[in-house]
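Subject: Structure for you to look at

Dear colleague,

I am passing on the structure below, and my notes on it follow. Please read them with the sequence and the model side by side.

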Amino acid sequence: MIAPALAVLLSLSIYPLIYSVQISLQTDSPAGPVWGLGNFERLLMDHFFWDAMAHTLIYAVAALLVEFFLGFGLALLLNSSIRGRRFFRATLLIPMMLPTVVVGVVWRLMFNPNFGTINGVLRQLGVNTEQLTWTASPRLALAAVIAVDVWQWTPFVFLVLLAGLQAIPQEPYEAARVDGSSSWQTFRHVTLPLLKPAILIVLLLRTMDLLRVFDQIFILTEGGPGFATETVSLYIYRAAFRFTDFGYAAAMSFVLLIITNLISTVYIRLLQSRESVA
Amino acid sequence: MKLTHFFRHVVTISISLLLLTSCRPNQKQIRLAVNSGVEGDALKQAALDYEKQTGIHVNIAGFPYANLFEKEQLDFNAHTGAYDVIMLDDPWFPRFASKQFLTDLTPLLQKRGQTQPDSDFVTTSLALCRHPYQTGNLFALPYVGNSQLFFYRKDLFDKHGLSEPVKWNDVLSGAREIQEAEAGDGNQIYGYVMRAAQGNAAVADFMPIFWAFGGEMFDSNGKATVNSREGIAALKFMLELGKFSPPGYASFNADDVGAHLLQGTAAMSINWPAWIGPFADPARSKVIGKMAFTILPSGDKPGQAEIGNWLLAIPKDSKNVDAAMDFLLWATSAEQMKLSAQRGNPPTRTSVFKDPDLIARYPTYPAQLRSLESSRPRPRTPQWNEIENAFGIFLSKANSGELTAEDAMNQANAEIEKILQRQ
């Protein structure tokens, strides 16, 4: 029974992986492919690549922090018994269910400095929007694409953390109340430790997603203006499909993979250390 | 249980259909890869006629613009010979031809008693099909003859007593005059709209200014020279013009420019012939009958448009070279090209541009022919995609205010040099 699954895995996953290692170690020359670390040397000297890497990291850290605190706050709020929480829970999930391409197109229209809703509303409020060109401004573009990510993916953080909160049994809370702990102490010493697995999982998933972000930026700015919002994934796409330089694209993908792996390992270590204590 | 039964039937039937269609007994067929868009659609319709006339089955694969390049490149690399005739955008040609992916057409012409393609083809279009440019062997024939045109609002020019812009300085002064005078009347009309999004957009809108100012991308030794005195002056001029362009134009693409022109909120622009049609469409256009089209303005040098032709070529791995050549000659004949023009594609033959029926239908044909005849190709280098990408990033950075004209051009030059050395 394992054989077919193994065959699929081999042909769809292992073979392409080996092949991409191979092409990342080859550079084109008039005499045919040359083996070596040429692609990796080029990558070290390529300031476009490192600019894209910096944008990716800024994007990931900023979006992760905002999404986490917003999502956590919302989860705590809607875990308590406030009025209309069912309605809020349902509507909050809508952005996450929309295809990213649709989100990108809608926000692109909203960001349009002339016809867009955002500047339209600001003008109504008497704000001078001349400098507010959003995705066309080198200063605002990265913040604008981060805002769109926050809008779309905070609900995911919210959803996972809410599920985590609901799974916490009542007994520890009752015990804390009996011991006379304040609500901050309860949060700090009961909720947070018990929620830690959910927190680490959501941070891990979001980090991996953020580091390979492609679609919404591709639709919103295509990396521009200039190079202001180019991420590593966009640059890899360009190298592979516009310049047909698959070797270089593969080399960059491996660097991104290594970075993603390092960060993920840290998260997983944290997760395991907690489990061993418990 | 019933449902699985049903699915089994569906699968059996579809497999047998598949087998039937793929085993057409001994019938001759050629396979085409085309752009799915107006250019490719015209060729698809022509292929149906061809099938009726000759009995040769024409199998067509249509791909969106970006995918077409990938598919063709992958087919070449893997030597699959999947296509007998391919449609290609002219900037791809140097890459394909220099890597010897295409069939030399001259021997095939000689076999048919011709020494070279007939002289009716517009010289600038045919020059694109030779490698090296203009002088080398023939590896393609031109099918769609696009080149940029200068679009302007005739009504606004008349209203403000301005004549058709001939020089880039007329464009700048006209843009200022129209924008300020209209603002005085309470209308927000931008003097000039351009696209300065990184990549192809910024480069396409900049090249005519760059050339008119005497800029050259490379010197005679092939070294990058975009940061020459002329190049920097041209970019400074673009930034001046940008002051009369709508805010955010540093991220504009063709659709943003089209929207401003159709809404009547911009007075001038450089654009491609495909955008002429929509101005007459009442559903989209607020400027019906108000637009005029002419050749590009000049600077120290005569004005030149960027050429953007679709070519037809035969991959080297094709197994039906002769049948492919017959189709290629038929599709680019004057008679077929007239039909293609009626389907919306600008021709590459002088006689078709001058056809009275077509001029009656497309009054801009004389201007288009003048623009095409004086047009200039993007630099013919196999690395154009990468160079254009890098150049476009720095042009966009200058237009978004991130870099000065000097810094942008110096950095662009260094980056282009790096790409050239990687060869």
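**The sheets of chain B**

Strand β7 (residues 149–153) of chain B is joined by four bridges to β9(B), and the two run antiparallel; strands here are DSSP runs of E of at least two residues and helices are runs of H or I of at least four, numbered from the N terminus, and two strands pair if DSSP finds at least two bridges between them. Within this pair, F151(B) has F293(B) of β9(B) as its bridge partner.

Please bear in mind that this is a predicted model, in which local features need pLDDT of at least 70 and side-chain atom pairs count only at pLDDT 80 or more, while totals for chains, interfaces and linings use all residues. Residues are numbered from 1 along each chain as its sequence is written, and chains are lettered from A and ligands numbered from 1 in the order in which they are written.

β7 and β9 belong to an open sheet of three strands, in the order β8-β7-β9 (chain B), with antiparallel pairing. Its edge strands are β8 (268–271) and β9 (291–294) of chain B, each of which pairs on one side only.

A second open sheet has five strands in the order β2-β1-β3-β10-β6 (chain B), and its pairing is mixed. β2 (57–63) and β6 (141–147) of chain B stand at the edges with a single partner strand each, so one side of each is left without a neighbour in the sheet. β6(B) pairs with strand β10 (residues 307–313) of chain B in the antiparallel sense over six bridges, and N146(B) stands opposite G308(B) in β10(B).

**Two packed helices**

Helix α17 (residues 384–399) and helix α18 (residues 405–422), both of chain B, pack at an angle of about 165° with their axes 9 Å apart; axes are lines fitted to C-alpha atoms, for helices over the stretch in contact, and angles run from 0 to 180 degrees between N-to-C directions. α17(B) and α18(B) are therefore roughly antiparallel to each other, a term that covers angles over 145 degrees, whereas under 35 counts as roughly parallel, 65 to 115 as roughly perpendicular and the rest as oblique.

**Where the chains meet**

In chain B, 18 residues are in contact with 20 residues of chain A, contact meaning that the C-beta atoms, placed from the backbone, lie within 7 Å. The elements giving two or more residues to this side of chain B are α3 (65–78) and α17 of chain B, and α17(B) gives the most, with six residues.

Best regards

Terms used:
Two residues are in contact if their C-beta atoms, placed from the backbone, lie within 7 Å.
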